[in-house]
Amino acid sequence: MPIPKLDPTSATGLNAAVTAGFVIAAIVVVVAVAAELLHYLRVRRVAALAFGPRRDRLFLSAVAPVLRVLALATVAWGLTVLLTVEPKSHKPGEIKESEYRHLVLVLDVSRSMEVEDAGGGGKQKRSERAADLIQSFFERVQAERYKTTVIAVASEAKPVVLDTTDREVIRNILTELPMRHAFKPGETNMFAGLEEAARVAKPWPPGSAVLMVVTDGDTVPTTGMPKMPASIGGNVVMVGVGNPTVGKSLGGHTTRQDASTLRQVATRLNGTYHDGNEKQLTTALVSSIDERAKPKTGDRWTAREYALLCVGTGAGALALIPAILMLFGTGWEPGRRPTPEGGSGPRR
């Protein structure tokens with residue numbers, strides 16, 4: 001008769017499996033204790049042969065029955081849970097929904113991002129430098145585990161793509177999509193991008209997302225800082241592009257990366273600022289971002305993992321106890337007697 005399987009994603013199913021495991025383990029304990037008592041009565045008759053005339057047993061042989069009963073109960077509980085819970089299937093390259101990370105990318109696409117003063121030699125457009133920084137990030141993490149949301153910001157904010165796992169889509173947005181033309185002329189409203197990011201991320205679980213803002217900080221409002229939802233919290237990274245010291249003329253005003261303002265914004269959001277004009281994102285920062293985006297329940301053990309641990313531990317103990325008892329169970333050596341020098345010699 002096949003054993004009915006319980007749904008591991010259901011709390012009721014897991015509770016039923018755990019309860020069944022405890023019931024079976026209790027029955028095994030009763031049977032094992034009865035067997036150990038019967039074994040004790042039989043061994044007691046020949047104890048002098050096994051442990052010597054004084055029946056000197058070492059501590060290990062005294063506690064062995066208790067260890068065997070515990071090991072049998074542990075194995076019984078683990079096997080019962082594994083038999084009653086529906087097994088999980090793991091296919092190569094398959095990523096479960098609970099294992100995805102969220103990255104909200106707020107990308108400045110204003111006119112100032114077309115100025116060529118970025119990169120090591122100052123000959124790269126700021127938008128190109130931003131694309132390089134983001135591509136470098138994805139190359140150093142498991143990009144397939146990220147659901148990325150891109151929000152373009154200029155005079156206003158517009159979501160470009162929501163929760164995509166396709167890196168080619170992200171690459172196309174960063175390098176080939178002329179998003180600047182979708183906005184009306186005007187000063188960059190960075191806070192509008194932050195507000196849109198907060199709106200998109202609000203339904204997600206707490207601490208499950210990272211907000212990365214890539215901008216030159218050319219024009220940042222002085223008031224109106226939006227509050228980030230619990231899903232983002234302080235998981236904010238402000239990445240600046242463009243020369244932070246030497247400005248260039250654009251539309252009647254001088255534009256440069258406003259590093260001090262970006263640093264202040266990052267501080268107000270409890271986040272981190274990084275000057276990405278010449279330096280890539282540091283390994284420490286990438287690792288930190290990746291860790292923050294990691295689902296908090298991704299490494300949490302379930303009853304199935306505990307069952308596997310119990311089966312392995314209990315079965316290992318049952319296999320090792322006889323060998324350990326043979327080596328260290330008693331100090332009695334039949335056929336040998338103490339010598340005057342303190343050693344032992346053969347009986348005559």
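Ala152 stands opposite Lys158 in strand S5. Strands S4 (residues 146-153) and S5 (residues 157-164) pair in the antiparallel sense over five bridges. A hairpin of three residues joins S4 to S5. Pairing requires that DSSP find at least two bridges between two strands. Strands (E, at least two residues) and helices (H or I, at least four) are DSSP runs, numbered from the N terminus.

The model is predicted: local features need pLDDT of at least 70, side-chain atom pairs count only at pLDDT 80 or more, and totals for chains, interfaces and linings use all residues. Residues are numbered from 1 along each chain as its sequence is written, and side-chain values use heavy atoms, with hydrogens and water left out.

S1 and S4 run parallel and are joined by eight bridges. Arg101 has Tyr146 in S4 as its bridge partner.

Helix H4 (residues 126-139) has 14 residues, which at 1.5 Å a residue should span 20 Å; the end C-alpha atoms are 20 Å apart, in agreement. The expected span is 1.5 Å times one less than the number of residues. H4 is mostly covered, with ten of its 14 residues buried. Buried means under 20% relative accessible area, exposed over 50%, and partly exposed in between (1.4 Å probe, protein chains only). Among the buried residues of H4 are Arg126, Arg129, Leu133, Phe137 and Phe138.

The largest nonpolar core has 34 residues, and those with the most contacts inside it are Leu107, Phe137, Phe138, Met212 and Val214. Such a core is a set of buried Ala, Val, Leu, Ile, Met, Phe, Trp, Tyr and Cys residues joined through side-chain atoms within 4.5 Å. Strand S1 (101-108), H4, S4, helix H5 (167-175), strand S6 (209-215), strand S7 (236-240) and helix H8 (283-293) each supply at least two residues of this core. H4 gives the largest share, six residues. A second, separate core of 29 residues includes Val104, Val106, Val213 and Met238. Beyond its neighbours within four places in sequence, Met212 is in contact (heavy atoms within 4.5 Å) with residues including Leu103, Val104, Phe137, Val239 and Ile289.

Two further sites were examined. Arg68 is found in helix H3 (residues 59-84). At 22% relative accessibility, Arg68 counts as partly exposed. The side chains of Arg68 and Glu36 make a polar contact (2.7 Å). A polar contact is a pair of N or O atoms within 3.5 Å; within protein, one must be able to donate a hydrogen and the other to accept it, and residues adjacent in sequence count only if both atoms are side-chain atoms. Arg68 and Glu36 are 32 residues apart in sequence and 8.9 Å apart in space, C-alpha to C-alpha.

Ser231 lies in the loop between S6 and S7. With a relative accessible area of 1%, Ser231 is buried.
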